[in-house]
Amino acid sequence: MPRLQLFKQLFFLACVVQTLLPHSLRAQESRETAQTGSMRIATYNVSLNRPAAGQLANDLQSNDKQIAAVAAVIRDVRPDILLLNELDFDEGSDNAGLFEQIYLANEELDALGNGAWPMPHRFTAPVNTGVPSGLDINQDGQKNQPVDAWGFGAFPGQYGMAVLSRYPIDANQVQTFQKLRWSELPNPTIPIRKDGQPYYAAETWKQLRISSKSFWDVPITTQMGTLHLLASHPTPPSFDGPEDHNGCRNHDEIKLLQTYFERSHKLLNDRGETVSLREDAAFVVAGDLNCDPMDGESQRQAIVDVLQHRLVSQFPPPRSRGASLASGQQAGMNQQHRSEPDTDTADFNDQSVGNLRVDYVLPSIHFTVAASGVYWPALEEVPVSRREATRSCLQATDHHLVWVDVEWKKID
């Protein structure tokens, strides 16, 4: 090979390595922030919802740019256990499996310069969104609108959930509470109209399900013991009237988590069994809970109670530099917020609610939190060669991945 041609090839390879190596090293460093024996647990609302049934399955097999972008974030953070919110559930397609196999386990380098991050174990199940209730829930004379489904949605499975894991999932011991009725919760928060009457008709209230999507207890077998991932995605506390029916439901969907992990009330699972979390079980609450503890339109007491609960590990909120900068640059409602802006996890409309902390990974007291973060880098601090790729990844969804590194500890 001519010397000049060889030099050109070596120079090209050197440029490629120089472009990719800093990012790969940063990913490696972020993954190794926890000490040996730790696990990284994450939640991510990936906004992989589509307007029609079956569309996501097609997109997953079509080299979709949005899907590749959210996968690149996951491959950069490299969690051991991950809850995905807003991944459409499809009875005819394993969407979670397609996502993992095509976009995470793929050996090709992604836009951020990272290789494969396989998460071969997964759990997914039906959710309430788009499932017809047969009821005129909002009493407008119709029974077949998205608002009349058990959970708001255009088709069954829209805005679904999935758990991906590098550790085995004990599928036989998973508890699901998709069909649990709202009225079966202890002291439910009943929406009331201005005239003092209940918002829901009596017959409707008896049948309404509490979960807008579902609530799952997913046992995962780790090297140190069984971890129960308590996964959910409560409804946004908005899109309603003065009766605040979505705010009430959001509050009680979060309250359901506490009811379950503190074992204060047994619940009816989807198999018709009355169950509660096993005593002394190690758990991690995860999901887009759609509730900021200080800002926004929600009824905040439920999330405050969970955050401060004696069974939940107490640690500083996950933070990011990008969230802090975005709050100041976008202004709007963010200027009225009381919480620290670097704890925000979602980039919402600055003229309505602003950026909020709504995504959570909350380990039980069985764990020590070694490190945590929100994947929201400040673009100004990203090398120019990767800035546009990072920008595209951050724009793929209005939420940001939240991760927590945990280590098991003994309980006295």
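A residue is called buried here when its relative accessible area is under 20%, exposed when that value is over 50%, and partly exposed in between, using a 1.4 Å probe and protein chains only. By that rule, arginine 40 and aspartate 405 are both buried. Before we go on, keep in mind that this is a predicted model, where local features need pLDDT of at least 70 and side-chain atom pairs count only at pLDDT 80 or more, while totals for chains, interfaces and linings use all residues. Residues are numbered from 1 along each chain as its sequence is written, and side-chain values use heavy atoms, with hydrogens and water left out.

Back to that pair. The side chains of arginine 40 and aspartate 405 form a salt bridge, with N to O at 2.7 Å; the term stands for a side-chain nitrogen of Lys or Arg within 4 Å of a carboxyl oxygen of Asp or Glu. Arginine 40 belongs to strand S1 and aspartate 405 to strand S13 (residues 402-408), so the bridge ties together parts that are 365 residues apart in sequence. Strands (E, at least two residues) and helices (H or I, at least four) are DSSP runs, numbered from the N terminus.

Across the whole structure, a search turns up ten salt bridges. Arginine 321 and glutamate 381 make one, at 3.1 Å from N to O. This pair links distant parts of the chain, 60 residues apart: arginine 321 sits in helix H8 (residues 321-330), and glutamate 381 in the loop between strand S12 (367-374) and H9. Arginine 321 is partly exposed at 46% relative accessible area, and glutamate 381 is exposed at 53%. Arginine 271 also forms a salt bridge, with glutamate 273, their closest N and O atoms being 3.2 Å apart. Then there is a network of salt bridges that links Arg50, Asp59 and Asp64.

Now for the helices. In H9 (residues 384-394), Arg386, Thr390, Cys393 and Leu394 are buried. They cover an arc of only 85° around the axis, so they are on the same side of H9; the arc is that of the directions from the helix axis to the C-beta atoms. Over in helix H6 we find threonine 259, buried with a relative accessible area of 5%. Apart from neighbours within four places in sequence, threonine 259 is in contact (heavy atoms within 4.5 Å) with Pro186, Ser264, His265 and Leu267.

A volume is the space filled by probe spheres set on the points.

The largest pocket holds about 960 Å³ of space. It is lined by 44 residues, and Thr235, Pro236, Pro237, Ser238 and Phe239 are the closest to its centre. Helix H6 (245-261) and strand S1 (39-48) each give two or more residues to this lining, with H6 giving the most, three.

There are two cavities of 30 Å³ or more. The largest cavity has about 50 Å³ of space, and strand S11 (residues 359-363) provides the largest share of its lining, four residues. The second largest cavity has about 40 Å³, and its lining includes Cys393 and Leu394, two of the buried residues of H9.

How values were computed:
1 Å grid on protein atoms, 1.4 Å probe; cavity = no way out; pocket = protein on both sides within 12 Å on 5 of 7 lines; lining within 4 Å.
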